[in-house]
Amino acid sequence: MQLIKNANLLVDGELKQHDVLIDGQKIAQVAETITAPTAEVFDANGAFLTNGLVDVHVHFREPGFTYKETIASGSAAAARGGFTTVVAMPNLNPVPDSPERVAQQVALNAKNGVVHVAQYGAISAGLTDQTVSDIAGMAAAGAVAFSNDGKGVQTADTMLQAMTAAASVNKPLVAHLEDDSLLHGGVMNAGATANKLQLPGITGLAESAQLARDLVLAQATGVHYHVAHISTQTSVELVRLAKAQGVHVTAEVSPHHLLLADSDITGDNALFKMNPPLRSQADREAVLAGLLDGTIDMVATDHAPHGTAEKAQSFKTAPFGITGIETSFQLLYTHLVKSGVMTLETLIHRMLVAPATAFGLPAPTQIAAGETADLVLFDLAARDTIAEADFKSLGKNTPFVGWPVYGRTMATWVDGDIVYQA
């Protein structure tokens, strides 16, 4: 048994000190004071204890691209970031686009992951084919949702068939929104910064036009349609309208779209290159407002590690993507909670309760007797500077290196075992 002493828990929106007793994989007792003479004591020293965070959008790169990340390194990074459940995207090699490949990937995740790593199935073969994959078979093999992340579904008929199939098995259909006909070779947001840097731009229409199409199809099929990494003001307004019309739509926003805009890019630095790109300041303010009012349901990191040499290239040739799973809680706690923009309770809801609930994941969302002991302890007073040397991820590709942050992860438990300790 383990006894976590002197932890602060969120109770009715306030931090209150409690002890938590863990017996095996479960929480045995929660009380203001617990005495357990035979238990191993972990003194939290007043740090904040919550259930492990949930991220429904990560890239762990194995198999196929293990020089960028592995399931072991990615899940270790997740544990350091305070996450105990993640959902891994299917842009792998081979792509998990059949029941057999999904089953193999689910087994690999379980074997190599130090946190719970759930798996997406691909909407279509190779992420690009117009023929919809065996969604019912992949669901039976363990896929918790379906996406072609990294590629937009280009034809309405393919999306309609995929939505119909996903609705029949009651699983989320997750859209990377990108109309290829509107990209024109763009590498960053179209606008003044792209013009100044003489780089080709990506209009927000590439996202929002496809979103408008999908919302109509989602209304017709009744599917749970989930918008990945929403980035534009128009997209937020479309989701808000669709929710008002009763469409079963949820949306996520990534930390970098909440904290950065294209005006923060001052040179040809591919650490700022991600897809969708950093948008305008007005877009940044709109996604933040959407997160605050609940139009955007959750935060998801879109953790996308790449090799150092790859991201050392120019904006034109470097791959899209930014790491984020180790820095997201600290960045958002520092810039949203400590600054008074958002309460800690709301942040935890957006990073834990909402994603677990929307995706039907078995992640615990309350600290109570009988619940699985997936826990994380954050020292909210501890000040750090984001540093590459501290990363567990193989990917160091983030523009947030050097930023001062609060909310250090002190320990993470998965099924009652400590899988990370500062």
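View 1. UniProt, in an unreviewed entry, lists H57, H59, D149 and D302 under "binding site"; UniProt positions follow the numbering used here, feature names are shortened, and annotations may be inferred rather than shown by experiment. They are spread over 246 residues of sequence, yet they cluster in space, with a largest C-alpha distance of 9.9 Å. H59, D149 and D302 are also in the lining of the largest pocket. On a 1 Å grid over the protein atoms alone, a pocket is an open set of points with protein on both sides within 12 Å along at least five of seven lines, a cavity is a set where a 1.4 Å probe fits but cannot get out, and lining residues have an atom within 4 Å of a point. A word on what you are looking at: this is a predicted model, in which local features need pLDDT of at least 70 and side-chain atom pairs count only at pLDDT 80 or more, while totals for chains, interfaces and linings use all residues. Residues are numbered from 1 along each chain as its sequence is written, and side-chain values use heavy atoms, with hydrogens and water left out.

**View 2. A closer look at H59.** H59 sits in the loop between β6 (53–58) and α1 (71–81); helices (H or I, at least four residues) and strands (E, at least two) are DSSP runs, numbered from the N terminus. H59 counts as buried because its relative accessibility is 4%, and buried means under 20% relative accessible area, exposed over 50% and partly exposed in between (1.4 Å probe, protein chains only). The side chain of H59 makes a polar contact with that of N91 (2.9 Å). Such a contact is a pair of N or O atoms within 3.5 Å; within protein, one must be able to donate a hydrogen and the other to accept it, and residues adjacent in sequence count only if both atoms are side-chain atoms.

View 3. The unreviewed UniProt entry places the feature "active site" at D302. Look for D302 in the loop between β15 (298–299) and α10 (308–311). With 8% relative accessibility, D302 counts as buried. The side chains of D302 and H59 are joined by a polar contact of 3.0 Å. Leaving out residues up to four places away in sequence, D302 touches H57, H59, D149, H229, S254, N275 and I322, where contact means heavy atoms within 4.5 Å.

**View 4. D149 and its partner H176.** D149 is found in the loop between β9 (143–147) and α4 (156–168). Its relative accessible area is 3%, so D149 is buried. The side chain of D149 makes a polar contact with the side chain of H176 (3.3 Å).

**View 5. A88 beside H59.** A88 belongs to strand β7 (residues 83–88) and is buried, with a relative accessible area of 4%. A88 and H59 are 29 residues apart in sequence, but their C-alpha atoms are 5.6 Å apart in space.

**View 6. The largest nonpolar core.** This core has 101 residues, and V56, V86, L173, Y225, V227, L258 and F329 have the most contacts inside it. Helix α12 (residues 344–358) gives the most to this core, with 7 residues. A nonpolar core is a set of buried Ala, Val, Leu, Ile, Met, Phe, Trp, Tyr and Cys residues joined through side-chain atoms within 4.5 Å.
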